[in-house]
Structures are given as structure tokens and as C-alpha cells.
Amino acid sequence: MSLPVPLPLQPYVERVGGPKRALILLIGLGTALLIFGLARWASAPTWVPAFTNVPLESVSEMTDKLTQANVRHRLEQGGAQILVPASELAKARVTLAKAGLPQAGRPGLELFDQPSWGMTDFTQRINYRRALEGELERTMGKMRGIESAKVHLVMHEAETYGAGDKPTEASVVLTLKSGERAPADVVKGIAHLVASSVEGLSSERVTIVDDAGRLLSQADEPDAASGLSSRQLEQQRELENYLRVKAEQLIAPVVGAATAKVQVAASLNFDRIERTSSSVDPDRQVVAQEQKAEIVPGAQGGAASSNTATTYENTKTTESYASAVGTLRRLSVAVLVGEKPPADGTGAGTPRTAEELRQIEALVRGAVGADSARGDVVTVVSMPTGTPIVAAAPAPTPGLLELVKENPRPAVGLAGALLAFVIAFLAIRALRPHPEPALATDAAAGALPAGASPALDEDEPARQPLAIPAEPLQIASDPVRSRAAITVEQKPEVAAKVLRAWLREA
């Protein structure tokens, strides 16, 4: 049973043999399947993670909500990650947020939304501590770069007859999304956040560790080498860096930013002194108390007497003094400047003169506030410039292979379309008709006049003459065709020449 063929294509199909026709049919069917597969692959949705590290107890409820909202989804990483199409990501998140999912971590202050009839005072205190821990975990979990946090508070009960209340303490376990160690400024910020959220808690009593058990917060203990605590060392480094930047910004326009280096060493006094003094001025006295006693003579006579008692108080001065912590004790500044570059840009540089070095020293002294009476030292040295800093080469333009890797779907779709076009072109080319020698010979013979013989082109190279069948030609009754057939039999080279001329004109 043969398939129906449209009339315009029927002559071409009939000219193709059976095996070739089946091959073309298979090629067409394979091309159609390939185009269909590429179309399905190119139009497939891009799956993106909607939620990661989802607690397993919440996955079932979340998937049920997505199914009810007709949101396509699938699970990865053992059910801890929910993937949705990129076009439905916003809908999935809004749907789950409306249902209050996912429910991760401990509850917060919503513990007190329910009536607390019958709860003891101890239960209320436990719930309050749990609420604080849950609220702190939620707050830290929303910070950039932090995946989760676990907070434990130690809130001691007040002792009525105790010698003193124990301080409140806290511990925090951090898990970062990148898996790296949390920066020092982030750790300090979290410590102050916890301390400011819990009554009676100081940042020094907040212990912070990561999920690997490494201690991130540093206790304020003195360093064995310098005798300074971590906070005092940080304060000293901040002052040194501040003065260094001021000095470099001032001398950079003079000697060049690439040829100036400044290092500052500051010695700070962290001694806390509290002094109370009291002084008495003997020259400044006032009457504090005065008493007088008089004796009046009696009736039989006698001498009268008078007594006066005066108490004086000297002027007293009381003074209390407390020195500031972290005062600058001594400053040492080292400045390294490069030699002046040559005018032509080649060769060695020129050392700077003593006058130039004195000017640079004066600028640095004014920038850092150096005081000679305090013992501050500023040293400026000129040294040969090192290897010049080469500007970073611009980023290379991405090539064709990189563009294909970044956008695979358009590239594969274009390749599939090009392959389909090539296959269709080859199939159409196989269906094109080929001229038959017998028909061409008859047409050429009919074009020859009676008794005429075409002239041969002597310059054209001789070609292989047409093969003449061994059997005699069937001569038609038409005299013109008869003469043409006789000419072909007697002069085959002339017939071949006429055929080639006819093909060129066609």
C-alpha cells in the first residue's frame, strides 16, 4: 500500500526508486522527531529553588499547598529543597507565605498569644526565655549571609538573701550560607544585638561559635605579649590606620601615590587613674564658733571677770581626678618615598634632596599631630623606586564558545534548525529530475536542418562521445527525424557537440 502523494510532487516521487524513497522517508521522519525533541527541550521550564534546607516535617504541608494552588514543583536533595518553574516562583512563595510556611525554628512572642490560665510563674519565665530566643534566631536568620542561628540564654533567678545576683549569659551558634568563617565585624554586631535585646546582658558575656565549633567571639583578656586586651589592641590599630591614611593622602600629590609608603606606631596609655586630694590653706581662716562668759560682782563687792572662747576653721580644698583611658603616649612615623622619576621615563631616578625630605617631614608632622616635647619621631627616607605597577589587563571579550555555554538553549535551537534545513535541501535535491541521454539526442537531432552539419569548435577539448546503443535505432516516419538519426549513427562526435551546445543554451 502506497501513501498518497500530492499531484505537484508526484512526478518527482515517481522518478525516485523504492530504496531511495524509503531512505528519504526515514530521514524526514528522523528530522521531524529531532525538531520535536529540540522544541520540547527548548520550551521546558527552568527549575529554580524556591526554598532550601526545608525541615522535613514541613515539606509535606508545603507540597500540599503548592498542589492546591496548581504550582508545579519537585523535590531535590533528599526532600530538603523545593524546585519550581522560574515563571511560578513568585506565586509559590506568596502562596506558602500566606499559609505561614515554612515553619522553621522555635516560636517567638506568639507563645503569649494564647491564654495562660493555670500556668505557674516558673512556666511563664520559661516561655519568656523561649520567646526571646526564638525572636533573636529569626532576626539573625534574616541577615545577609547567615543561613541559621541557634540562641541559648542563661537567665538566673534573683536571690532574695543571696550575696549578689549572677549575671545573664548567652551563647549563639551561627551557620553561614557560604560555609566560611564569619567576619569579625559581623560577630561583634551580633554580640551587641543579643546584649541589647536581653535585660542585664553585656556583650562581653555573649559567646559566639560557628557550626564547626570554632570560637568566633574573643573575650576581653589581656594579650601576653603586649599586655593589652583585644579591645585596646583594636583601638590602637584604628588610631594607627587613621593617622597613616591622613599622611598618605597629604603627601601623595607631592611624591605620587605609587611611590609613598607610611607606617605609624602609636603607644597608648590605658592606665586608669583616680585620685582625690584635700588641702588646707592656713592663711585663709574664718571664725567657726565664738563663746563669751562674764562674771557680775555680788552685793558685798568683789571683782568682775569676762571669758571669751573663739574657734577658727581653715579653708580646705578637695579635688577628685580621673585620667582618660587610651591617651596618646608616644608616636613613631616612618615615611618611605621613591626617587624622582626621569624626565624621559627611562633609566634610574634622581634621589630627592635634603630640602625636599624636610618639607615632606614637615607635612607628615602636621598631618599626624607629632609633638617633639612628647617624644614623637618622624623619619623620612628616599629610596629607589621599585618595579612600576602595571595596570591590570582588561577582561577578555567572551568568545563564541563562552557565549554558547552561557546561552545553551538558543544555540541548540539554531543548530537544530540549521540541521533540518540541510536535510530538507538534500532531500529536495535527490528528488530533482535528471536529463536522459535518449531524449536529449532526439531534441538535438530535431534541431538540425536537413543536410546541415554543425561546425566543430577546434579550441574546445574533445569530450567523451555519447554511447551509441548496439541495436539499430527505430527510425520514425518523419524525414527530419530520419536524417537526424542517420547523422547520429554516422557522426557521433557531431551529435555530441550539438547536445553540449543545447545544454549550454538551456
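1. Two strands count as paired if DSSP finds at least two bridges between them, and strands (E, at least two residues) and helices (H or I, at least four) are DSSP runs numbered from the N terminus. In this predicted model, local features need pLDDT of at least 70 and side-chain atom pairs count only at pLDDT 80 or more, whereas totals for chains, interfaces and linings use all residues. Residues are numbered from 1 along each chain as its sequence is written, and side-chain values use heavy atoms, with hydrogens and water left out.

2. The sheet to consider here is an open one of three strands in the order β1-β3-β2, with antiparallel pairing. Because β1 (47-51) and β2 (74-76) stand at the edges with a single partner strand each, one side of each is left without a neighbour in the sheet. Neighbouring strands are turned against each other by 45 degrees on average, direction ignored; for this and the angles below, axes are lines fitted to C-alpha atoms, for helices over the stretch in contact, and angles run from 0 to 180 degrees between N-to-C directions. Between β2 and strand β3 (residues 81-85) the antiparallel pairing extends over three bridges, and arginine 74 has leucine 83 as its bridge partner in β3.

3. Helix α3 touches β1, β2 and β3, and its direction makes about 10 degrees with that of β3, while α4 touches β1 and β3, its direction making about 15 degrees with that of β1.

4. The two helices also pack on each other: α3 (residues 56-68) and α4 (residues 89-98) meet at an angle of about 120 degrees, with their axes 10 Å apart. That angle makes α3 oblique to α4, given that angles under 35 degrees count as roughly parallel, over 145 as roughly antiparallel, 65 to 115 as roughly perpendicular and the rest as oblique. The contact is formed by Met62, Lys65 and Leu66 of α3 together with Ala92, Thr95 and Leu96 of α4. By class, this contact has four nonpolar residues, one polar and one charged, where Ala, Val, Leu, Ile, Met, Phe, Trp, Tyr, Cys and Pro count as nonpolar, Asp, Glu, Lys and Arg as charged, and the others, Gly among them, as polar.

5. A further helix pair is α5 (residues 121-141) with α6 (residues 184-197), which pack at an angle of about 150 degrees with their axes 11 Å apart, and that makes α5 roughly antiparallel to α6. Leu132, Leu136, Thr139 and Met140 of α5 make the contact with Ile190, Leu193, Val194 and Ser197 of α6; by class, six residues are nonpolar, two are polar and none is charged.

6. Asparagine 70 is exposed at 62% relative accessible area, and glutamine 77 counts as exposed at 53% (buried means under 20%, exposed over 50%, partly exposed in between, with a 1.4 Å probe and protein chains only).

7. Finally, arginine 284 lies in strand β8 (residues 274-295) and is exposed, with a relative accessible area of 53%. Leaving aside residues up to four places away in sequence, arginine 284 touches Glu313, Asn314 and Thr315. Arginine 284 and threonine 315 are 31 residues apart in sequence but 5.7 Å apart in space, C-alpha to C-alpha.

Key
Contact means heavy atoms within 4.5 Å.
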